[in-house]
Amino acid sequence: MRNRFRRGDRDALGELYDEHAQVLYRYALRVTGDWAGAEDVVSATFLEAWRSREKLRPDGDSLRPWLLGIATNIMRRNARARRRREIALARVPERGSIPDFADDLVTHLADSEQLRAAHAALARLRRRDREVFTLVVWAGLDYAAAAEALGVPVGTVRSRLSRARTRLRELTGAEARATHAQGTPAGTERPPAAGNRAPATPAKPLPGRTVAPLLPQENHR
């Protein structure tokens, strides 16, 4: 499949989508906490993969680490763009609050609080440590595959993951102590920022092959 994909075989693209889209979607959903945002990440990942297919090495095993690396870069760029928008909006004089009707829906999602708490803790990690943690723990990559996805040595993945786990244990302990002292349910002390509201899991199924129609029309190579 790798060589067929590199040559521009659209059937290979469809097969690649069928094999890896759900994994990419679950990974993006956990990182972004947003259904629509996760679907956008999946589409953007396959579009970027298609456009850069000639850069793909001809040898290797599964393309999943490569695709997850592309998805990670896309979410990284999206996060930077979102921060720039937030900074710009913060400079605009407030004209009164607009009700966010999504809050009413989120309160009815049974397990949203757990993912909210996870997002709150992960947000306090360094970006590089957070990316390693989500790829290994949430996306299920081994150290070598995560290293391939991020373009770093395996030893770097090990050290970043160890640091992330240590820090998360510290944050979890602090959260538990605060919850016990206040007598409130876990995850309610720090509501997530707008745009990062956590959906219920498991995720809704991702529609089949939604990327191919978006590809530019071109001849097979």
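Me: Start with Glu148. Which side chain does the side chain of Glu148 meet in a salt bridge?

Reply: The partner is Arg57, at 3.9 Å from N to O. Glu148 belongs to helix 8 (residues 143-150), while Arg57 sits in the loop between helix 3 (35-51) and helix 4 (64-90). The two are 91 residues apart, so the pair links distant parts of the chain. Glu148 is partly exposed, with a relative accessible area of 39%.

Me: What ground rules apply here?

Reply: This is a predicted model: local features need pLDDT of at least 70, side-chain atom pairs count only at pLDDT 80 or more, and totals for chains, interfaces and linings use all residues. Residues are numbered from 1 along each chain as its sequence is written, and side-chain values use heavy atoms, with hydrogens and water left out.

Me: What counts as a salt bridge, and how many salt bridges are there?

Reply: Side chains of opposite charge can pair when their charged atoms come close. The cut-off is a side-chain nitrogen of Lys or Arg within 4 Å of a carboxyl oxygen of Asp or Glu. That rule gives seven salt bridges.

Me: What do the helix numbers and exposure words mean?

Reply: Helices (H or I, at least four residues) are DSSP runs, numbered from the N terminus. Buried is under 20% relative accessible area, exposed is over 50%, and partly exposed lies in between (1.4 Å probe, protein chains only).

Me: Take Asp129. Is Asp129 buried or exposed?

Reply: Asp129 is buried, at 3% relative accessibility. Its side chain meets that of Arg163 in a salt bridge of 2.8 Å, N to O. This pair also links distant parts of the chain: Asp129 is in helix 7 (residues 127-138), Arg163 in helix 9 (residues 154-182), 34 residues apart. Arg163 is partly exposed, with a relative accessible area of 36%.

Me: Which residues are linked with Arg4 in a network of salt bridges?

Reply: Asp9 and Glu15. In the Arg4 to Glu15 bridge, the closest N and O atoms are 3.2 Å apart. Arg4 lies in helix 1 (residues 2-6) and Glu15 in helix 2 (residues 10-32), 11 residues apart. Arg4 is partly exposed at 25%, and Glu15 is partly exposed at 32%.

Me: Now helix pairs. At roughly what angle do the axes of helix 2 and helix 3 cross?

Reply: Axes are lines fitted to C-alpha atoms, for helices over the stretch in contact, and angles run from 0 to 180 degrees between N-to-C directions. Here the axes come within 8 Å and cross at roughly 140°. That makes the two helices oblique: under 35 degrees is roughly parallel, over 145 roughly antiparallel, 65 to 115 roughly perpendicular, and the rest oblique.

Me: Which residues make the contact between helix 7 and helix 8?

Reply: The axes of helix 7 and helix 8 come within 10 Å and cross at roughly 130°. These helices are therefore oblique to each other. Helix 7 supplies Glu131, Val132, Leu135 and Val136, and helix 8 supplies Tyr143, Ala146, Ala149 and Leu150.

Technical notes:
Contact means heavy atoms within 4.5 Å.
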